[in-house]
Amino acid sequence: MAKTCYYETLEVERTVDEAGLKSAFRKLAMKWHPDKNPGDPACEHKFKEISEAYEVLKDGNKRAAYDRYGHAAFEPGTGGGGGHGFGAGFASSFSDIFEDLFGMAGRGRGGGRERGADLRYNMDITLEEAFHGKTAQINIPVAVACEACSGSGAKPGTKPKVCVTCGGAGRVRQAQGFFTLERTCPACHGRGQSIDTPCPSCSGQGRVTKDRSLSVNIPAGVEDGTRIRLSGEGEAGVQGGPSGDLYIFLSVSAHQLFQRDGADLHCRVPISMVTAAVGGEFEVPVIDGAKTRVKVPGGTQSGRRFRIAGKGMPVLRSRQTGDMYVQVVVETPQNLTKKQKELLAEFEKLSSGETQPEAAGFFKMVKDFFGSRAGTT
């Protein structure tokens with residue numbers, strides 16, 4: 001059975017932004033959650049469908065692959081990176097969805113230790129670098145684990161103690177009538193530990209700020225706005241908590257010769273009216289640094305495009321390559337000498353409808369138009 005489009009499943013347009021996507025999923029998740037529809041297998045199936053759709057579309061790279069290849073992007077053996085069913089990895093990704101939406105992050109994870117913040121780094125690259133790919137070195141100031149206390153936050157020679165208020169759970173429960181409320185432990189702020197003697201190097205935080213040098217692999221074929229995720233390269237967590245992630249956002253600079261449209265490249269080349277009339281050829285550069293020749297047949301009109309197969313951009317994570325399109329623009333000569341003007345005037349006298357069929361056809365239509373109007377007056 002063919003799968004329903006993920007955008008249709010979430011009842012959103014393809015142009016939806018991140019906030020709109022999250023809002024749509026939250027609304028549908030509340031409606032179809034199995035806890036609200038106990039014993040209804042149809043609701044459970046619907047809930048899995050919308051969860052699967054959101055998991056793909058919330059990730060920039062997965063969404064780009066889905067927009068280009070559809071469901072085939074996640075089928076085994078394709079360039080999308082494998083299947084996307086509800087196997088062993090579903091529970092983990094499913095949990096991530098609800099932590100992201102409903103603020104459940106930290107509960108039952110890492111013993112209540114606070115996760116480090118995600119970081120963003122903006123990188124500008126040239127079109128040539130996007131074509132070839134590159135390995136870039138970046139330097140960023142980031143919070144890293146304190147070496148003196150190994151990230152624990154406790155003074156060397158001492159250890160954090162289990163919080164006596166919550167017993168290390170990071171959360172406390174309080175009964176109110178028929179209800180039991182659970183909230184973050186006010187004593188340890190959800191960390192499950194207390195530190196009597198803080199580390200003097202990090203003031204008990206378990207992390208310090210340093211400049212870090214990282215190597216970033218940029219694959220060939222990346223487009224403007226591509227996001228690269230470096231897992232665990234964000235800020236270190238508080239008192240030994242897990243590190244956040246680092247996101248590299250790429251911006252491809254405009255090129256002086258080529259305009260990019262997906263995997264295809266376009267360029268405009270001016271040619272003389274003589275070359276356009278009698279034919280000829282010219283040489284154009286290719287994005288890979290080579291050159292190629294374009295043959296122009298006689299009678300070529302301004303705006304005509306010539307396709308050079310396989311000379312465009314590589315398609316990300318595939319062996320496919322786009323094409324290059326060369327559009328010729330017939331240039332009208334300027335600053336003519338008296339002799340040149342006389343020769344062109346002589347050429348104009350010798351011209352007929354056969355040499356300029358489009359002009360001849362147009363003026364014939366004009367003549368017929370006015371002739372028909374004269375017959376009606």
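What share of the 377 residues in the chain do buried residues make up? The figure is 32%. Keep in mind that what you're looking at is a predicted model. The chain has nine helices along with 15 strands, and a search of the whole structure turns up 16 salt bridges. Here's a quick tour.

**The chain overall**

- Take the contacts in the chain with a separation of 6 or more: 62% of them are between residues 24 or more positions apart.
- Nine helices and 15 strands are the elements to look for as you trace the chain.

**A helix pair: H2 and H3**

- Two packed helices are described by the angle between their axes and the distance between the axes.
- For H2 and helix H3 (residues 41–57), the axes come within 9 Å and cross at roughly 165 degrees.
- Angles over 145 degrees count as roughly antiparallel, so H2 and H3 are roughly antiparallel to each other.
- As for handedness, H2 and H3 make a left-handed crossing.
- On the H2 side, the contact is made by Leu21, Lys22, Phe25, Leu28, Ala29 and Trp32.
- H3 brings Cys43, Lys46, Phe47, Ile50, Ser51, Tyr54 and Leu57 to the contact.
- Sort the residues in this contact of H2 with H3 by class and you get 10 nonpolar, one polar and two charged.

**Salt bridges**

- Side chains of opposite charge can pair when their charged atoms come close.
- Next up, Arg207 and Glu235 meet through their side chains in a salt bridge, at 3.6 Å from N to O.
- This pair also links distant parts of the chain, 28 residues apart: Arg207 belongs to strand E7 (residues 207–218), and Glu235 to the loop between strand E8 (227–230) and strand E9 (246–252).
- Arg207 has 22% relative accessibility, so it counts as partly exposed; Glu235, with a relative accessible area of 23%, is partly exposed as well.
- Lys291 and Glu283 form another salt bridge, and here the closest N and O atoms are 3.9 Å apart.
- Within that pair, Lys291 is exposed because its relative accessible area is 62%, whereas Glu283 is partly exposed at 44% relative accessibility.
- Some salt bridges join up into a network: Arg115, Asp118, Arg229 and Asp245 are linked this way.

**A closer look at Thr275**

- You'll find Thr275 in helix H7 (residues 273–278).
- With a relative accessible area of 22%, Thr275 is partly exposed; the cut-off for buried is under 20%, so Thr275 doesn't count as buried.
- Which residues does Thr275 touch, not counting those up to four places away in sequence? They are Gly280 and Val296.
- Thr275 and Val296 are 21 residues apart in sequence, and their C-alpha atoms are 7.5 Å apart in space.

Definitions and conventions:
Residues are numbered from 1 along each chain as its sequence is written. This is a predicted model: local features need pLDDT of at least 70, side-chain atom pairs count only at pLDDT 80 or more; totals for chains, interfaces and linings use all residues. Side-chain values use heavy atoms; hydrogens and water are left out. A salt bridge is a side-chain nitrogen of Lys or Arg within 4 Å of a carboxyl oxygen of Asp or Glu. Helices (H or I, at least four residues) and strands (E, at least two) are DSSP runs, numbered from the N terminus. Buried means under 20% relative accessible area, exposed over 50%, partly exposed in between (1.4 Å probe, protein chains only). Axes are lines fitted to C-alpha atoms, for helices over the stretch in contact, and angles run from 0 to 180 degrees between N-to-C directions. Angles under 35 degrees count as roughly parallel, over 145 as roughly antiparallel, 65 to 115 as roughly perpendicular and the rest as oblique. A crossing is left-handed if the near helix is turned anticlockwise from the far one by less than a right angle, and right-handed if clockwise. Contact means heavy atoms within 4.5 Å. Ala, Val, Leu, Ile, Met, Phe, Trp, Tyr, Cys and Pro count as nonpolar, Asp, Glu, Lys and Arg as charged, and the others, Gly among them, as polar.
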